[in-house]
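Let's walk through this model together, one packing arrangement at a time. Have the viewer open and follow along as each part comes up.

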Amino acid sequence: MNKIQIQRRHKSTPYETDYAQWCAEQGALLREGRLSDLDRENLAEEIESLGRRDKREIRSRMEVLLAHLLKWEFQPGHRSHSWQSSISEQRIWIGNIIKDSPSLRRYPAQIFDHAYEHAVLVAVRETGLRESHFPGEPPFTAKQALDERFWPGNPLSMGDFLRD
């Protein structure tokens, strides 16, 4: 008999008291088929929040990606391996989330305009350039932003950068 089984013979841990313990107990109850003992309301909320978490992660990573793509395009003299790595990393993370949750495939395009607005503010803060320096409309599409071969600005910019 494992520790969770021993503890569950008594009253279950409340969700608000110890989240990790509650999760372990709910998992054990599911595995044992003790559905009537589940904390159904909190369990349903937790399952629903998993999908929202993936959406938040994509939105956050899109904002970082777009900010770095803007910096890449509008500050070519400051391009660095750090920016290149960040752009590539965001693309990989977003791709992996979508691979795990294919129903979110269209989500980056759905939030693109909002993510772009936020990315402009980040780029302004990080570059010191004025907001008017950046286009009001995105200079690239969501599809381009996620394409590992796309690097805004001069089409040869990535090749030139890598030769440094």
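Helix H3 covers residues 40–74 and helix H5 covers residues 107–127; they pack at an angle of about 50 degrees, and their axes are 7 Å apart. That angle makes H3 oblique to H5, since angles under 35 degrees count as roughly parallel, over 145 as roughly antiparallel, 65 to 115 as roughly perpendicular and the rest as oblique. The axes are lines fitted to C-alpha atoms, for helices over the stretch in contact, with angles running from 0 to 180 degrees between N-to-C directions. By class, the contact of H3 with H5 has 15 nonpolar, three polar and five charged residues. Here Ala, Val, Leu, Ile, Met, Phe, Trp, Tyr, Cys and Pro count as nonpolar, Asp, Glu, Lys and Arg as charged, and the others, Gly among them, as polar.

A word on the ground rules: this is a predicted model, in which local features need pLDDT of at least 70 and side-chain atom pairs count only at pLDDT 80 or more, while totals for chains, interfaces and linings use all residues. Residues are numbered from 1 along each chain as its sequence is written, and side-chain values use heavy atoms, with hydrogens and water left out.

Stepping back, the chain has seven helices and zero strands; helices (H or I, at least four residues) and strands (E, at least two) are DSSP runs, numbered from the N terminus. Of the 164 residues in the chain, 37% are buried, where buried means under 20% relative accessible area, exposed over 50% and partly exposed in between, with a 1.4 Å probe and protein chains only. Among contacts (heavy atoms within 4.5 Å) with a separation of 6 or more, 63% are between residues 24 or more positions apart.

Now look at H2 and H3, which pack at an angle of about 100 degrees with their axes 12 Å apart. This makes H2 roughly perpendicular to H3. On the H2 side the contact is made by Tyr-19, Trp-22, Gln-26 and Leu-30, and on the H3 side by Asn-42, Leu-43 and Glu-46. Four of these residues are nonpolar, two polar and one charged. Trp-22 and Gln-26 are also among the buried residues of H2. Just after H2, Gly-33 takes a positive phi of about 75 degrees.

Further along H3 sits His-68, which counts as buried because its relative accessibility is 13%. Beyond its neighbours within four places in sequence, His-68 is in contact with Trp-83, Ser-86 and Ile-87.

Which residues does Ala-145 touch, not counting residues up to four places away in sequence? They are Leu-65, Leu-66, Leu-69, Arg-91, Phe-112, Phe-140 and Phe-150. Ala-145 lies in helix H6, residues 142–146, and counts as buried at 0% relative accessibility. Its C-alpha atom is separated by 9.7 Å from that of Phe-112, 33 residues apart along the chain.

Finally, Glu-117 belongs to H5 and, at 52% relative accessibility, counts as exposed.
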